[in-house]
Amino acid sequence: MKRILTLILMALAVTAQAQKRFDFSVMGGANMGQIDGDHADRYRHLGLRAGVGTSFALGSDTKSPWRMVVELAYTQKGSYVEATDARLSADYVEIPLMLSYTTHSQNLRLSAGVAPALLVRSKVTYHGGEDPQGKDMFTAMDLLPVTVSARWLLGTHLGIEGRYQNSLLSVTREDVAGTYRLFRSNKGCFHNLLSIGLFLQF
């Protein structure tokens, strides 16, 4: 996994330097998560998010405010249920695909899109002890999480980013009626995530 991320990082860097219409960024930060439908609220699950990304101008105008954003990131999602002292953790490799708009000042970039994610590790604990069956509760993918973000460039390269993400399809294997998305037939549990972090943009 580290080799793959390194190769992608190098490829994106070369692309960004070779073509003016591309930019390249490295990002890292903290996730605060909950799972809608697990009878808990508040963002009590803490995790990490780190990745790389690039964006490119849409159309022939390299200074167009509209850009396409493509990222690759490792992100930790989950929930903490105080009533049962249960911690549900799920780590993913995600590929956010977003449409962004950069304001006239060039400092603020607003983005929205989807971030399909592949599950790479999961764990469930009760009262500090691991539930061996819990790791099988999550589906293999968080297939359709909607994501929105706001980036503020603090200087030439360094900036801060806030991000919100919410799954549109259930992320658990069990056919539970915890809550629903869009339609009442779309029942289950859904990741609900807030992220804040820093990025370097080139």
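Me: How many aromatic pairs does the count come to?

Reply: The count comes to 3 aromatic pairs. Keep in mind that this is a predicted model.

Me: Nice. What are the distance and angle for Phe22 and Phe56?

Reply: Their ring centres are 5.5 Å apart and the planes make an angle of 40°, which makes the pair tilted.

Me: Where do those two sit in the chain?

Reply: Phe22 belongs to strand E1 (residues 22–36), whereas Phe56 belongs to strand E2 (residues 45–57). They are 34 residues apart in sequence, so the pair ties together separate parts of the chain.

Me: And how accessible is Phe56?

Reply: Phe56 is partly exposed, with a relative accessible area of 24%.

Me: What about Phe24 and Phe202, what kind of pair do they form?

Reply: A stacked one, at 6.4 Å centre to centre with 25° between the planes. The cut-off for stacked is under 30 degrees. This pair links distant parts of the chain: Phe24 is in strand E1, and Phe202 is in the segment after strand E14 (190–201), 178 residues away.

Me: Is Phe24 buried or exposed?

Reply: Phe24 counts as buried, at 6% relative accessibility.

Me: Switching topic: which ring does Lys77 lie over?

Reply: Lys77 lies over the face of Tyr92, 4.9 Å from the ring centre. Likewise, Arg151 lies over the face of Phe199, at 4.1 Å from the ring centre.

Me: Tyr92 again, then. Which residue does it stand opposite in E7?

Reply: That would be Leu119. Strand E4 and strand E7 (residues 117–126) run antiparallel and are joined by 9 bridges.

Me: What joins E3 to E4?

Reply: There are 9 bridges between strand E3 (residues 66–81) and E4, and these two also run antiparallel. Ser79 stands opposite Leu88 in E4. E3 and E4 form a hairpin with 4 residues between them, and Asp85 in the turn has a positive phi of about 50°.

Me: Why is E4 described as largely enclosed?

Reply: Because 8 of the 9 residues of strand E4 (residues 86–94) are buried, the rest of the structure largely encloses this strand.

Me: OK, on to the surface. Which residues form the nonpolar patch?

Reply: Among them are Val26, Met32, Trp152, Ile196 and Phe202, and the patch has about 1,100 Å² of accessible area together. E1, strand E11 (158–167) and E14 each give two or more residues to the patch.

Me: Which element gives the most?

Reply: E14 does, with 3 residues.

Me: And where is Met32?

Reply: Met32 is in strand E1, and this residue is partly exposed, with a relative accessible area of 30%.

Conventions: Residues are numbered from 1 along each chain as its sequence is written. This is a predicted model: local features need pLDDT of at least 70, side-chain atom pairs count only at pLDDT 80 or more; totals for chains, interfaces and linings use all residues. Side-chain values use heavy atoms; hydrogens and water are left out. Rings of Phe, Tyr and Trp (its six-membered ring) pair if their centres lie within 6.5 Å; planes under 30 degrees apart count as stacked, over 60 as edge-to-face and the rest as tilted. Buried means under 20% relative accessible area, exposed over 50%, partly exposed in between (1.4 Å probe, protein chains only). A charge sits over a ring if NZ of Lys or CZ of Arg is within 6 Å of the ring centre and within 35 degrees of the ring normal. Patches are made of residues with over 30% relative accessible area and no salt bridge: like charges are joined within 9 Å, nonpolar side chains (Val, Leu, Ile, Met, Phe, Trp, Tyr) within 5 Å. Accessible areas come from the Shrake-Rupley method with a 1.4 Å probe; for residues, only the protein chains shown count as cover. A salt bridge is a side-chain nitrogen of Lys or Arg within 4 Å of a carboxyl oxygen of Asp or Glu. Two strands pair if DSSP finds at least two bridges between them.
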